[in-house]
Amino acid sequence: MLKLGVIASGHGSNFQAIINAIENKELDAKIEVLITDNPDAYSIQRAKKHSIPIELIERKNFPTRIAFDEKIISTLKSYSIDLVVLAGYMRLLKSQKWFSEFPIRIINIHPALLPSFPGTHAQKDAFEYGVKISGCTVHFVDEGLDTGPIIAQRSVDISDCVSEEEVKKKILVQEHHLYKSVIKMFTKGSFRMEGRRVVYTQD
Ligand code: GRF
């Protein structure tokens, strides 16, 4: 069974979608821990409700970003995590240890079709740009902002959306499906890199 460590800073609807998929037996995985840097994250309530251990690790309690990152890494190691799932975690990964401890084992979901519209206002940026098709991307995480190798994408027609909020909602529904299906791929096969390309082999 794949051991997941979820890191979330906020609302956690993707976290909830993963919880639901596990409880419905769609996913042969277990969430060993929720790590959050935000004591007010609603994700904490979700974890409590489903008896998932919670580790609150706040930036203000560490002298440097590297020390903060390394506390998160050692916490994940203490739970023997196989796959690190970022679900609305609002920080970059600064320590190189992330990548030596979890090589091609850290994933993130982004609410746009990367490499278009990286950053924290992806849906607003796509809406204001006027693109008709946007979507979501699951990618491996590197040190950059939404720059890691792409694992999977799903397109969403936003041509009928009249507000940024509508775009967010429409994409979020697809995020929940996409994240679940990518985690399922980890339970059934393995990934390797060919240059920047992510190649998947089913067991
Ligand atoms: C999602 O839009 C995700 O793509 C982005 O942050 C948001 C998190 O939403 N990385 P939630 O906390 O999972 O509801």
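The text below takes the ligand and its surroundings, then the backbone.

The model is predicted, so local features need pLDDT of at least 70 and side-chain atom pairs count only at pLDDT 80 or more, while totals for chains, interfaces and linings use all residues. Residues are numbered from 1 along each chain as its sequence is written, and side-chain values use heavy atoms, with hydrogens and water left out.

**The ligand site**

The ligand sits in the largest pocket. A pocket is an open set of points on a 1 Å grid over the protein atoms alone, with protein on both sides within 12 Å along at least five of seven lines; a molecule sits in it if more than half of its atoms lie within 2 Å of its grid points.

Around the ligand are H11, G12, S13, N14, G88, I109, H110, P111, Q123 and E175, where a residue counts if one of its heavy atoms lies within 4 Å. Two residues of this shell are nonpolar, seven are polar and one is charged, with Gly counted as polar and Pro as nonpolar. Domain 1 (1–103) and domain 2 (108–203) each give at least three residues to the shell; the bounds come from an automatic or database domain assignment. At least two shell residues come from each of α1 (13–23) and β5 (106–110), which are DSSP runs (helices H or I, at least four residues; strands E, at least two).

The table lists polar contacts, meaning pairs of N or O atoms within 3.5 Å.

| Residue | Protein atom | Ligand atom | Distance |
|---|---|---|---|
| S13 | side-chain N or O | oxygen | 2.6 Å |
| I109 | backbone N or O | nitrogen | 2.8 Å |
| P111 | polar backbone atom | oxygen | 3.5 Å |

Of the 370 Å² of accessible area that the ligand has on its own, the protein covers 83% (Shrake-Rupley method, 1.4 Å probe).

**The backbone**

Most residues other than glycine have a negative phi, and most peptide bonds are trans. K25, not a glycine, has a positive phi of about 65°; K25 lies in the loop between α1 and β2 (29–36). The peptide bond joining L114 and P115 is cis, with omega about 10°. P115 belongs to the loop between β5 and α5 (122–129).

Conventions: Polar contact = N/O pair within 3.5 Å; in protein donor to acceptor, adjacent residues only side chain to side chain. 1 Å grid on protein atoms, 1.4 Å probe; cavity = no way out; pocket = protein on both sides within 12 Å on 5 of 7 lines; lining within 4 Å.
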